[in-house]
Amino acid sequence: MKMFKALFISRLQSMWFSLFASNRLKTGGGNKKSPGKKVLVGILAVYILGTFGVMFIGIFSQFAAAFGNSEYAWLYFSFAGMFAFLLSVVGSVFMTQKQLFEAKDNELLLSMPIPSSYIVASRMLMLLCVNLMYTMLVIVPAMLTFGVKVGFSAKTLIFSIIGIVLMPLLSMAVECLFAWLIALIGTKIKKKNAASMVLYIVFFGAYMWFFMRLENNIATLITNGTQIGEAIGKYMPPLYAFGVSSASGDIVRLGELALWCIVPFALMYFAISKSFIKISTSSKTQDRKVYVRTSLEVTSPRKALLKKELSRFFSLPMYMLNSGLGAVMAPAIFILALFKREELMQSLVAGADVSAYLPFVPIAIIAFCVSTLCTSAPSLSLEGKNFWVLKTSPVSAGDVFYAKIMTNIVIGLPPMVLASVIGGIAFTLTPLQTVLTVVFTAFMQILVAVVGFIFNLHFPKFEWLNETLVIKQSIPVILTMFGSMALAAAAIVISVLLYSSPKFNFSVDAGLAVCCAFFAILDAVAYAYLKTAGVKVYDRLNG
Amino acid sequence: MLEIKNLTKTFGDKKAVDDLTLSINSGEIYAFIGHNGAGKTTTIKCVAGILGFDSGEILVDGVSVKQNPLECKKKLAYIPDNPDLYDFMSGIKYLNFVADIFSIPKKEREERIAKYADMLSLTSDLAQPVASYSHGMKQKLAIISALIHTPKLMLLDEPFVGLDPQAAHTLKQLMRELCDAGSAIFFSTHVLEVAEKLCDKVAIIRGGKLVVSGSMDEVKGDESLEDVFLELVNEDV
């Protein structure tokens, strides 16, 4: 038990450090986090939880009004369970695969007198905590809404809480199944990265499709509640059991839920424990290429650094998918808008009349996609143990900054400019509005690249067990994504307010110009900071 | 070629290197020995520009590491004790990347890569991704990358770890060749027999302080380097 506890704590520490620890503590300045950083992290946490909370309370208010006081109250909880399940699976399926089978300490742990079942169990338990977090992100707002609009008895409240604890076991079992399959496939095929990427795109596409259609379909779900309820009861027994046990305190259903969650989880645990050594120690199937001397291409140091960054980006599927998906998403959304603008608008604004603000819609979509295009945010942390190469090379901090920021711009800007132009056509913007939208895109992309790198300078993490942790969960990435989203939202809201207020008499063009000016100023400030304080921070970093 | 004057480096309250002074001339191979945690790697990292230092001065070919780090880095090459290289590159791409960084002309880089890869028997593996390399192969790649710009000063941290006997022999040969051409080598090692046979000078460090330094003959006299080392590091313990 002590051995297991130590393993579990080490996994939690690894996750915690990937989120909050930084290598600045090695610079000799002590390891205490400044109050400013604590406040920043606190604000970020409140902002993220608030965003999700408001979104889910909005969704569940509609369900509560429709089902809360009816005989279908259980359906309310079944939907909550379904959303929680989907969010958990999409949010952590690839992390599960990396953590279980590709952690860098696999060989070290296997060399110790630790049963592989303990290693698997400690990792699954850590991942279970992540799943619990995702589940709570959905179900807690759902419960709050239900509590306010309908009310709980002591029994239903307790059963709901037990349900929250049980549901992550089910999502975890499904994630483990996929992780296990991906890992098994990886031992058999050569193009493992490509296979992982295709699977992730399928997952993410399904997730986006579900949420894009959700706003539209809430009305459908509510209208057809009876039939959907029957379907859930018939085809999704765990969700049905969760719904009934939470809504009516039915102990038999709670027992069913426990079985539906614990049994698959246990089965996956045993299956993975059995094959863990084989999968995690299997050597990669690769053709051995024999080097034949060829003429070598000569480039400048700056270009060489840029090429290196691009090579890294295109060699890590997780990096491409997490930091570059916006480059595919934005053009795809606007191409869809060319043909189905009304349906798209329905999905985006849930039927609200925004026709007066239509020219602001493309920049809102672009702002969302650009904020996810932040390859620079984990780029310094990704140097990891290779950081010595940069530190001992005759390249200045400016050269390194250029390569990391320019990589972000090279990857993000061309597709985003293309998307802006398509958006201009799809939303029938005037040529000037289209140009302003393109300018906004460029300014925002530059800001995301520069600020992402600045955050990474301040929160570097060189000692990671798996790059997924710094790509997906590190503070710089989260700060950049949500921070830039918040800034863009502020700029757009201010512009729309100026435009709609008769007092200011702003035109659409002027409103868009305000957004551009806002980001141009931020770009200048961020650049000035990077050139001065940023260089000093970089020079102090040790890796 | 290398002058370290009163170097002090602390980590929190601990003095990792304490008022260390030594100098290395062109053509010299200088061994830096000491027990684990004595301050060898910290000293080498300070010279390489990876770590800043609290006080003192380091000059590489007369240029201050503190005042003009980029100029110093152009003159030196560093090989860490654990050669973590870019896994996502192939061996040849990594070498070409380093050559680009040091602005080595096309002809020279092709010739040097060919020469050193052949000498270290790595040529046929250069198309392989670094991720597939063994520790020894990575060490060989790091050695080739360090030699690409014919550095004036080479800093090696435990360079023989992981190398097969043939490669270790070749490295010793390359080290001597480089120094005969006017460069200098400063390297840490725990293999005292190698240090004794290969080096012109030696420095022994204990608890961050330099215990003794000088020519190999001066330091060891009639004894073996191992005996001298054990005597010195165990004094007052």
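## A partly exposed threonine

T150(B) counts as partly exposed, at 39% relative accessibility. This residue sits in the loop between α5 (135-147) and β7 (153-157) of chain B. The model is a predicted one. In it, the phi of T150(B) is near 35°, a positive value in a residue other than glycine. Most residues other than glycine have a negative phi.

D19(B) also has a positive phi, about 55°, although it is not a glycine. D19(B) is found in strand β2 (residues 14-24) of chain B. With a relative accessible area of 44%, D19(B) is partly exposed.

## Chain A in outline

Chain A has 20 helices and zero strands. Of its 543 residues, 52% are buried.

## Helix α16 of chain A

Helix α16 of chain A covers residues 397-426, which is 30 residues. From first C-alpha to last, α16(A) reaches 42 Å. That is close to the 44 Å expected at 1.5 Å a residue. Where does α16(A) bend? The bend is at L413(A), by about 30°. A proline, P414(A), follows within four residues.

Why is α16(A) described as largely enclosed by the rest of the structure? Because 21 of its 30 residues are buried. After the helix comes T428(A), whose phi is positive, near 45°.

S160(A) lies in helix α6 (residues 154-188) of chain A. Its relative accessible area is 0%, so S160(A) is buried. Which residues does S160(A) touch, not counting those up to four places away in sequence? They are F77(A), M143(A), F152(A), F242(A) and S246(A).

S323(A) belongs to helix α12 (residues 317-324) of chain A. S323(A) is buried too, with a relative accessible area of 1%. Leaving aside neighbours within four places in sequence, S323(A) is in contact with residues including T372(A), L373(A), C374(A), T375(A) and I471(A). S323(A) and L310(A) are 13 residues apart in sequence, and their C-alpha atoms are 13 Å apart in space.

## Where the chains meet

At the interface, 36 residues of chain B are in contact with 35 residues of chain A. The two chains bury about 3,300 Å² between them. Carbon and sulfur atoms account for 61% of that area. Which residues of chain B lose the most area to chain A? They are Y86(B), F88(B) and I101(B), together 19% of what that side buries.

Polar links cross the interface as well. There are 14 residue pairs in polar contact between chain B and chain A. Three helices of chain B, α2 (69-75), α3 (91-101) and α4 (106-119), each supply at least two residues of the side that touches chain A. The rule finds one salt bridge across the interface. D118(B) forms a salt bridge with R293(A), and their closest N and O atoms are 2.8 Å apart.

## Salt bridges

How many salt bridges does the structure hold over all chains? The count is 25. K107(B) forms one with E111(B), the closest N and O atoms being 3.2 Å apart. These two residues are four apart in helix α4 of chain B, so about one helical turn separates them. An α-helix has 3.6 residues a turn, so residues three or four places apart point the same way. K107(B) is exposed, with a relative accessible area of 57%. E111(B) is partly exposed, at 45%.

R176(B) and D180(B) are also four residues apart, about one turn, and both lie in helix α6 of chain B. The closest N and O atoms of their salt bridge are 3.8 Å apart. R176(B) is partly exposed, with a relative accessible area of 26%. D180(B) counts as exposed, at 59%. In chain A, salt bridges that share partners join K308(A), E309(A), R312(A), E383(A) and K404(A) into one network.

D164(B) forms a salt bridge with K140(B), with closest N and O atoms 3.4 Å apart. This pair links distant parts of the chain, 24 residues apart. D164(B) is in the loop between β7 and α6 (165-180), while K140(B) is in helix α5 of chain B. D164(B) is partly exposed, with a relative accessible area of 33%. K140(B) is buried, with a relative accessible area of 9%.

Conventions: Residues are numbered from 1 along each chain as its sequence is written. Chains are lettered from A and ligands numbered from 1 in the order in which they are written. This is a predicted model: local features need pLDDT of at least 70, side-chain atom pairs count only at pLDDT 80 or more; totals for chains, interfaces and linings use all residues. Side-chain values use heavy atoms; hydrogens and water are left out. The expected span of a helix is 1.5 Å times one less than its number of residues. The bend at a residue is the angle between axes fitted to the seven residues ending there and the seven starting there. Buried means under 20% relative accessible area, exposed over 50%, partly exposed in between (1.4 Å probe, protein chains only). Contact means heavy atoms within 4.5 Å. Buried area is the accessible area (1.4 Å probe) that two parts lose on being put together, summed over both. A salt bridge is a side-chain nitrogen of Lys or Arg within 4 Å of a carboxyl oxygen of Asp or Glu. A polar contact is a pair of N or O atoms within 3.5 Å; within protein, one must be able to donate a hydrogen and the other to accept it, and residues adjacent in sequence count only if both atoms are side-chain atoms.
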